[in-house]
Amino acid sequence: MLRIYKNVSGRILEQDEISNGCWVHLSAPDNGEIKSVCKQLSVPESFVRAALDEEERSRIDEEEGTLLIVVDTPTAEQDNNDFYYSTIPFGIIVTENAVLTVCAKETALPSSAELTFPVILDCANSNPDVSTASASRNNFLIVNELVKK
């Protein structure tokens, strides 16, 4: 899934197309989305694929002015009535003109068209695992600060 956001007058709003200063979020992307976004943002495809690799470890890398930050983000899984927890890689890719985040599946990042801090808190309050929501909120805050610049 491809979502595009931009900071407009201090609010993160969903956009229809990639532009300078935007935040592009890919969750469980297909090959077409990966190739299209990498081409539009001039991002090495290997950076996106690294963030989608379950075995990828947290790291920082740089290639031709593009920065890759991979962190582990917690996820809550449900098996019958029990919850169990694991982590998956979450990639933050910073280019000269945009920020790209990548995850192999949907996380607790909000999917609202208008993202504001209260929406993040609502997301955290409805999540069965507070630590998962908290970590995802921290990931969002990092990205939000990068998008502001």
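Q: Let me start with the helices: is the crossing of H1 and H2 right-handed or left-handed?
A: The crossing of H1 and H2 is right-handed. Keep in mind that this is a predicted model.

Q: Which values describe how helix H1 and helix H2 pack?
A: In general, a pair of packed helices is described by the angle between the axes and the distance between them. Here, helix H1 covers residues 31-41 and helix H2 covers residues 45-52. They pack at an angle of about 135 degrees, and their axes are 9 Å apart. H1 and H2 are therefore oblique to each other.

Q: Which residues of H1 and H2 meet?
A: On the H1 side you will find Asn31, Ile34, Lys35 and Cys38. They meet Glu45, Val48, Arg49 and Leu52 of H2.

Q: Let's turn to rings. How many aromatic pairs does the count come to?
A: The count comes to 1 aromatic pair. Its partners are tyrosine 5 and tryptophan 23, with 4.9 Å from centre to centre and 40 degrees between the planes.

Q: What does the pair of tyrosine 5 and tryptophan 23 tie together?
A: Tyrosine 5 sits in strand E1 (residues 2-8), while tryptophan 23 belongs to strand E3 (residues 22-27), so the pair ties together parts that are 18 residues apart in sequence.

Q: Is tyrosine 5 buried or exposed?
A: Buried means under 20% relative accessible area. Tyrosine 5, at 1%, counts as buried. Tryptophan 23 is buried as well, with a relative accessible area of 1%.

Q: Where is glycine 21 found?
A: Look in the loop between strand E2 (11-15) and E3. Glycine 21 counts as partly exposed, at 28% relative accessibility.

Q: One last thing: what is the mean pLDDT of the chain?
A: The mean is 78, and 72% of the residues reach 70 or more. Over residues 110-135, however, the pLDDT is below 50. Beyond near neighbours in sequence, that stretch has 45 contacts in the model.

Terms used: Residues numbered from 1 in each chain as written. Predicted model: local features only at pLDDT ≥ 70, side-chain atom pairs only at ≥ 80, totals over all residues. Heavy atoms only, no water. pLDDT = per-residue confidence, 0-100. Contact = heavy atoms within 4.5 Å. Phe/Tyr/Trp six-rings, centres within 6.5 Å; stacked < 30°, edge-to-face > 60°. Helix = DSSP H or I, 4+ residues; strand = E, 2+ residues; numbered from the N terminus. Buried < 20%, exposed > 50% of the residue type's maximum accessible area, 1.4 Å probe, protein only. Axes fitted to C-alpha atoms, helices over the stretch in contact; angles between N-to-C directions. Parallel < 35°, antiparallel > 145°, perpendicular 65-115°, else oblique. Left-handed = near helix turned anticlockwise from the far one by under 90°.
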